[in-house]
Amino acid sequence: MEKHSIYEPFGVDLDLVQGILREPDNHLIRKASSMKGHYADAKALDDLIHQGDPLHYEVFEKEVPQAYGHLMFGISKLQPGTVNGECFMTKGHYHAIPETAEVYLCLCGKGYMLMKTTEGECRAEYMERGRIVYVPPYWAHRSVNVGSEPLTTLFIYPADAGHNYGDIEQEGFPKRIYLRHGKVEIV
Ligand code: F6R
Ligand code: ZN
């Protein structure tokens, strides 16, 4: 008979004001300089980098085995701002196992989950506090902050999914999200 390995249950605390996971095992920091090639205006991004390379986003995770059956979860915290009008965003990725989905619960801020398929279908799903977005299998996904405070989301996905950033670096997304004169434009 197959023997199941029993993993120890655990709980974690969120700081809902700061939008962070308390005592994360992994804390990833991405500054503006990590985002080269992702914004339409490369010169405006370079200017931002030279003006101090501000924090772009952070990911806080608890460590779980990256194995079938486990769920990876954590907090993604994306700062507000624009690069010549284009709203701050995450790099975006497909999952390395593309048939794995992901759930995002927005805890604070306002933004969109921008999603695309390899066939070029593109969707932008609105996010604000209390809203859940389902990213189905095969959809690449990127968070975009259109508000004036950090966009903080709780994410949960199969722990063995892995990340494929390379294809998005090559393809980009078919749509970009701008904030112009206080109005959101998805173009
Ligand atoms: C995990 C996931 C999120 C993102 C995070 C940062 O599968 O989708 O945890 O990793 O929002 O975005 P990326 O990974 O695109 O830099
Ligand atoms: Zn993902």
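The legends below describe close-up views of a predicted model.

**View 1. The zinc ion (ligand 2) and the residues that coordinate it.** The zinc ion (ligand 2) is held at 2.0 to 2.3 Å by His93 and His95, each through NE2, by Glu102 through OE, and by His141 through NE2. Because the six donor atoms around the zinc ion (ligand 2) subtend angles of 73 to 173°, the arrangement is octahedral. Along the sequence, the donor residues of the zinc ion (ligand 2) follow the spacing H-x1-H-x6-E-x38-H. Histidine 93 and histidine 95 are both buried.

**View 2. Threonine 100 in the loop between strand S8 and strand S9.** Threonine 100 belongs to the loop that lies between strand S8 (94-95) and strand S9 (102-108). With a relative accessible area of 11%, threonine 100 falls under the 20% cut-off and is therefore buried. The side chain of threonine 100 is in polar contact with the side chain of histidine 95 at 3.1 Å, and histidine 95 is itself one of the residues that coordinate the zinc ion (ligand 2). A polar atom of the threonine 100 side chain also lies 2.6 Å from the backbone oxygen of isoleucine 97. When neighbours within four places in sequence are left aside, the residues in contact with threonine 100 are His95, Pro136, Pro137, Pro158 and Ala161.

**View 3. Strand S5 and its pairing with strand S4 and strand S14.** Strand S5 (residues 71-78) is largely enclosed by the rest of the structure, because seven of its eight residues are buried. Strand S4 (residues 55-61) runs antiparallel to S5 and is joined to it by five bridges; within this pairing, tyrosine 57 has leucine 78 of S5 as its bridge partner. Strand S14 (residues 151-158) also pairs with S5 in the antiparallel sense, here over eight bridges, and threonine 152 in S14 stands opposite lysine 77.

**View 4. An open sheet of three strands in the order S11-S10-S13.** The strands of this open sheet pair in the antiparallel sense. Strand S11 (122-128) and strand S13 (140-145) are the edge strands, each of them pairing on one side only. On average, and with direction ignored, neighbouring strands of the sheet are turned by 25° against each other. Between strand S10 (residues 110-116) and S11, which run antiparallel, there are seven bridges, and in S11 arginine 123 stands opposite methionine 115.

View 5. Asparagine 84 has a relative accessibility of 53% and so counts as exposed.

Conventions: Residues numbered from 1 in each chain as written. Chains lettered and ligands numbered in written order. Predicted model: local features only at pLDDT ≥ 70, side-chain atom pairs only at ≥ 80, totals over all residues. Heavy atoms only, no water. Helix = DSSP H or I, 4+ residues; strand = E, 2+ residues; numbered from the N terminus. Buried < 20%, exposed > 50% of the residue type's maximum accessible area, 1.4 Å probe, protein only. Polar contact = N/O pair within 3.5 Å; in protein donor to acceptor, adjacent residues only side chain to side chain. Contact = heavy atoms within 4.5 Å. Donors = N, O, S within 2.8 Å, 3.2 Å for Na, K, Ca; no water. Tetrahedral: all angles 85-135°; square planar, octahedral: opposite > 155°, others 65-115°. Pairing = 2+ DSSP bridges. Axes fitted to C-alpha atoms, helices over the stretch in contact; angles between N-to-C directions.
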